[in-house]
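Please examine the sequence and the structure shown below. The briefing that follows covers a sheet, the surroundings of a ligand and some backbone features.

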Amino acid sequence: MPHLLPLLLLLLCLPVYGQGPAARHERPLPPDTTAWLDTEGRYINAHGGGILLHKGTYYWFGEHRPERGFATTEGINCYSSRDLKNWKHRGIALSVCTTDTLSEISRGCIMERPKVLYNEETRQFVMWFHLELRGRGYEAARAGVAVADRPEGPYHFVRSTRVNPGQWPLNMPAENRTRQFPAEEVKEWWTPQWRQAVEQGLFVQRDLQDGQMSRDMTLFQDPADGRAYHIYSSEENLTLHIAELSDNYLSHTGRYIRLFPGGHNEAPAIFHDPATSTYWLIASGCTGWEPNEARLFSAPSIWGPWQQHPSPMRGPGAKRTFGGQSTFILPLPAKQGGGWIFMADVWHPRSLMYSGHLWIPIRMNPETGMPEIERQKKKK
Ligand code: GAL
């Protein structure tokens, strides 16, 4: 318990319910908002994001979303803070390409859920994000990677790909590599035969040659050995994958596993609790911008075995994750008391730019050793 105190004090200082009316912003914020303002009084436009702590400064990367419309007009936004409370806008860290309409990141593409890691060996900052190509809706389902010499960027786009072409998941039984899925049995979705085929690797097989689909995603750097992993919704958003990144974090090694095939999990966020040597993963169901009940998984190793638990959300609003969808879990430095902050997006699909931010401390239940997340009561 004592280690929770600094975390709680910090969280009490965070602007979970928005900031004072004196601040300058684009338009009046709705009541009970989860909107946050930066140090200039402007709306924090960093959605589906994640945070990197580097040399005492937190860097928050997220989707810059337009006030109207859907596709990416600017790129990935960056804010920095030393106290997690006052966020300075550092500009667009990775910009869309405005000069070449054939570029994979040409303006009008969709960039989502960026996460950044620092690679100690190459001394580069490596950003991965979900990329959809301009004018093709969500069919491309690619992972993009970009690098920078400084945390705030500018990031230079390296490439975008599907994941691990030609490689089978480590935990897919060998007999499923050659299993036949008769078209008439699998053409209709959600039938019992179709579900079984998905579990057996219908879409892994289909996408083997070009690589696996990659949409909602996060990154995880294992504090134990510095190895990094890309965790993403694959197989038509039906199955999460965990894929190891290469030493320089710029590509995949070919080693990956499937998690709960057909479980329909997205918006993955992960942390490691050294006290119990457990990896904890929180995800959402797939209901687009609508909130749903969170899902919780744990494993003693990143490679599993993974098991599912009931949602860790507690109290009023828990059934719909308090209106939010997971995006990242921020570990706090041990010298500040440790612990983690669960970060979620409160989507406003009519004006995605105004989507809100919900940050809640994770409490580890001392009896069960399991995470619990409860939204604090609104301050008067
Ligand atoms: C959600 C997903 C978001 C975004 C959205 C588009 O399910 O978590 O990141 O892709 O769908 O409709």
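Two strands pair if DSSP finds at least two bridges between them. Helices (H or I, at least four residues) and strands (E, at least two) are DSSP runs, numbered from the N terminus. This is a predicted model, in which local features need pLDDT of at least 70 and side-chain atom pairs count only at pLDDT 80 or more, while totals for chains, interfaces and linings use all residues. Residues are numbered from 1 along each chain as its sequence is written, and side-chain values use heavy atoms, with hydrogens and water left out.

**The sheet**

- An open sheet is formed by 3 strands in the order β17-β22-β21, with mixed pairing.
- β17 (313–314) and β21 (363–364) stand at the edges with a single partner strand each, so one side of each has no neighbour in the sheet.
- Strand β22 (residues 371–374) runs antiparallel to β21, and 2 bridges join them.
- R363 has E372 in β22 as its bridge partner.
- Strands of a sheet pair through backbone hydrogen bonds, either parallel or antiparallel.

**The ligand**

- E112, R113, Y138, D216, E266, G288, W289 and Q325 are the residues around the ligand, that is, those with a heavy atom within 4 Å of it.
- This shell divides into 2 nonpolar, 2 polar and 4 charged residues. Here Ala, Val, Leu, Ile, Met, Phe, Trp, Tyr, Cys and Pro count as nonpolar, Asp, Glu, Lys and Arg as charged, and the others, Gly among them, as polar.
- Polar contacts are pairs of N or O atoms within 3.5 Å. An N or O atom in the side chain of D216 is 2.5 Å from an oxygen atom of the ligand; for the side chain of E112 the distance to a ligand oxygen is 2.7 Å, and for a polar side-chain atom of R113 it is 2.9 Å.
- On its own the ligand has 310 Å² of accessible area, of which the protein covers 87% (Shrake-Rupley method, 1.4 Å probe).

**Backbone features in loops**

- The peptide bond from G153 to P154 is cis, with omega near 10°; P154 belongs to the loop between β7 (142–148) and β8 (156–161).
- A cis peptide bond also links G304 to P305, with omega near 0°, and P305 is in the loop between β15 (295–299) and β16 (307–309).
- E235, a residue other than glycine, has a positive phi near 50°. The loop between β10 (228–234) and β11 (239–245) holds E235.

Technical notes
Polar contact = N/O pair within 3.5 Å; in protein donor to acceptor, adjacent residues only side chain to side chain.
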